[in-house]
Amino acid sequence: MPIRGTTRLAGVIGWPVKHSRSPLLHNHWCAHYAIDGAYVPLAVRPDDLGTALKGLCAAGFAGVNLTIPHKEAALSLMDRMDRSAERAGAVNTVVFAADGETVGLCSDGTGFVANLDAHGVSPKGRVLVLGAGGAARAVVAALLDRGCEVTITNRTAARAIELREALDAHDTLPWDAWPEALGDFDLLVNTTSLGMDGHGNAVFDLGQASSGLSVADIVYVPRQTPLLAAAEARGLRGVNGLGMLAHQAVIGFEAWFGVRPDVDAATMALLDADL
């Protein structure tokens, strides 16, 4: 769609940002819903984030997404944050209010659980989360908000303990002990880079899993990660991370463009074809 003086603008800030699929997704929705809007990639160095946010707000942008390495740095730059950003300890969505106020949100956790729901996996009961980084924090917060009992395991135990205490999660497990404990859990979630393309080979032992265990991986390249392959081999239900990418974008799009988009088959096919 042509960009005019009336076009509502949003974008994604990252360094680098050329890998982001958010412009493809948001511009697809703008076209689908016949919205006079456009979404652009914005490469911003870490030291320039504050200046960029002020400039984009002054230039009339509706808001932006933030990706690596800006999510945590943005916390101190917001005028106001909602509970999602406070709980996640990061901002991935910024809304520029009419009075110039910057409002920070984090939709990563809600996008994760929405993707589970879309695949018929209700997040409930006892959940084991692998990892304790930024993505893990957003996921753990969202699972706790859904009433789950969350246990965290991480290769660096101190980080797992820190995350448990920050969000009042249920427990932690030593990294080398989690495979033997799988029988106690209803859902296993990988928030680490293990199994991602370019991060080496990973082997997951799911031998002690119950037949009712569901397995989710936030990684989506490749679509079938080693963890999901191990789950399939045991006949367990698996959910990859591609849907999380789409569902986390819904909140920002609605805030900027005034329409709540559907994450439908056409949306997922578009993202899948671009990988």
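Some ground rules. Residues are numbered from 1 along each chain as its sequence is written, and side-chain values use heavy atoms, with hydrogens and water left out. Because the model is predicted, local features need pLDDT of at least 70 and side-chain atom pairs count only at pLDDT 80 or more, while totals for chains, interfaces and linings use all residues.

Start with the helices, which are DSSP runs of H or I with at least four residues, numbered from the N terminus. Helix 1 covers residues 22-32 and helix 10 covers residues 249-257; they pack at about 50 degrees, with axes 11 Å apart.

Which residues of helix 1 meet helix 10? They are L25, H26, W29 and C30, and across from them are A249, V250, F253, W256 and F257; contact means heavy atoms within 4.5 Å. Eight of the contact residues are nonpolar, one is polar and none is charged.

Next, T7, in the segment before strand 1 (8-14). Is T7 buried or exposed? T7 is buried, at a relative accessible area of 11%, where buried means under 20% and exposed over 50%, with a 1.4 Å probe and protein chains only.

The side chain of T7 makes a polar contact of 2.8 Å with the side chain of D36 (a pair of N or O atoms within 3.5 Å, one able to donate a hydrogen and the other to accept it). A polar atom of the T7 side chain also lies 2.7 Å from the backbone nitrogen of R4. Leaving aside residues up to four places away in sequence, T7 touches P2, D36, G37 and A38.

Key. Axes are lines fitted to C-alpha atoms, for helices over the stretch in contact, and angles run from 0 to 180 degrees between N-to-C directions. Helices (H or I, at least four residues) and strands (E, at least two) are DSSP runs, numbered from the N terminus. Ala, Val, Leu, Ile, Met, Phe, Trp, Tyr, Cys and Pro count as nonpolar, Asp, Glu, Lys and Arg as charged, and the others, Gly among them, as polar.
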